[in-house]
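Welcome! Have the sequence and the 3D view ready, and let us walk through a few features together.

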Amino acid sequence: MSKSVSVKDLNVFYGDFLAVEDVSMDIAPRSVTAFIGPSGCGKSTFLRTLNRMHEVIPGAHVKGQVLVDGDDLYGVGVDPVTVRRQIGMVFQRPNPFPTMSIRENVLAGVRLNNKRLSKSEGAELVEKSLKGANLWNEVKDRLEKPGMGLSGGQQQRLCIARAIAVEPEVLLMDEPCSALDPISTLAVEDLINELKEDFTVVIVTHNMQQAARVSDRTAFFNIAGTGKPGKLIEYAETTTIFNNPTVKATEDYVSGRFG
Ligand SMILES: Nc1ncnc2c1ncn2[C@@H]1O[C@H](COP(=O)(O)OP(=O)(O)OP(=O)(O)O)[C@@H](O)[C@H]1O
């Protein structure tokens, strides 16, 4: 299930505007990779190129390659909708489907994929996904209640359960804890640690401690100024980025001197 991601010379555009310039990066399966950097350096933009979500914005496009276990996501004939199914995404704000129960929310992605499940297969998948998202014990007695009735942190774990129910090859998370309180944040961070046993996880975070806590490798992006493209400055083991970075700008950023 868990796959490697290899980005080669990727340039990311909004129309004519080059937002992220010439990124190359290898991400190992069963690992957590954090993207950090100041606002506007292109972390979220770059993350969305890893499952072809970037192109949903009119005029947005890329040049370069993103290989998942060697297959180019941008190859001729590759269907972006299929790519988005295989590479799941969790967003900043928990977004459970408002009219659906907890159970239906977990199964929503699987149903969108037109997969038919028997009642018992559905029940099994709901339990497995909610356990995988560390939410089962909190909701097992109210699966038919609305997903919106959960706390923010529980809603975010419900969204993670929905994402992992389709058994994605890679799981992308765009600041998944930014709308959560500290306790819920820790619950999601614990979960990220467990998710890497089965998935390749990539997370954008503004929280340096979070990057240090959850990730194996960290990529630091930076931007020279407004209107300039974001660039990947340094990408290494997380301990190296935080304790012994090679580039001065990385050191300044992780030590809080700018950004
Ligand atoms: N829909 C869009 N259309 C045009 N330009 C965009 C769009 N979204 C983002 N950009 C531009 O792309 C650049 C990168 O933005 P992006 O949101 O990826 O940065 P970021 O590092 O994730 O920032 P933040 O940490 O503030 O979320 C910025 O110059 C931004 O203005």
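R52 sits in the loop between α1 and β4 (60-68). Helices (H or I, at least four residues) and strands (E, at least two) are DSSP runs, numbered from the N terminus. R52 is not a glycine, yet its phi is positive, at about 65 degrees. Is R52 buried or exposed? R52 counts as buried because it has 20 C-beta neighbours inside 10 Å. Buried stands for 20 or more other C-beta atoms within 10 Å of a residue's own, exposed for 12 or fewer, and partly exposed for values in between, with C-beta atoms placed from the backbone.

D69, in the loop between β4 and β5 (71-72), is another residue other than glycine with a positive phi, near 45 degrees. D69 has 13 C-beta neighbours inside 10 Å, so it counts as partly exposed.

## About the model

This is a predicted model, in which local features need pLDDT of at least 70 and side-chain atom pairs count only at pLDDT 80 or more, while totals for chains, interfaces and linings use all residues. Residues are numbered from 1 along each chain as its sequence is written.

## A buried strand

Now find strand β9 (residues 217-223): seven of its seven residues are buried, so β9 is largely enclosed by the rest of the structure. In a regular strand, side chains alternate between the two faces of the sheet. From β9, R217, A219, F221 and I223 point one way, and T218, F220 and N222 point the other way.

## Two crossing helices

The axes of helix α3 (residues 102-112) and helix α4 (residues 119-132) come within 10 Å and cross at roughly 100 degrees. Axes are lines fitted to C-alpha atoms, for helices over the stretch in contact, with angles from 0 to 180 degrees between N-to-C directions.
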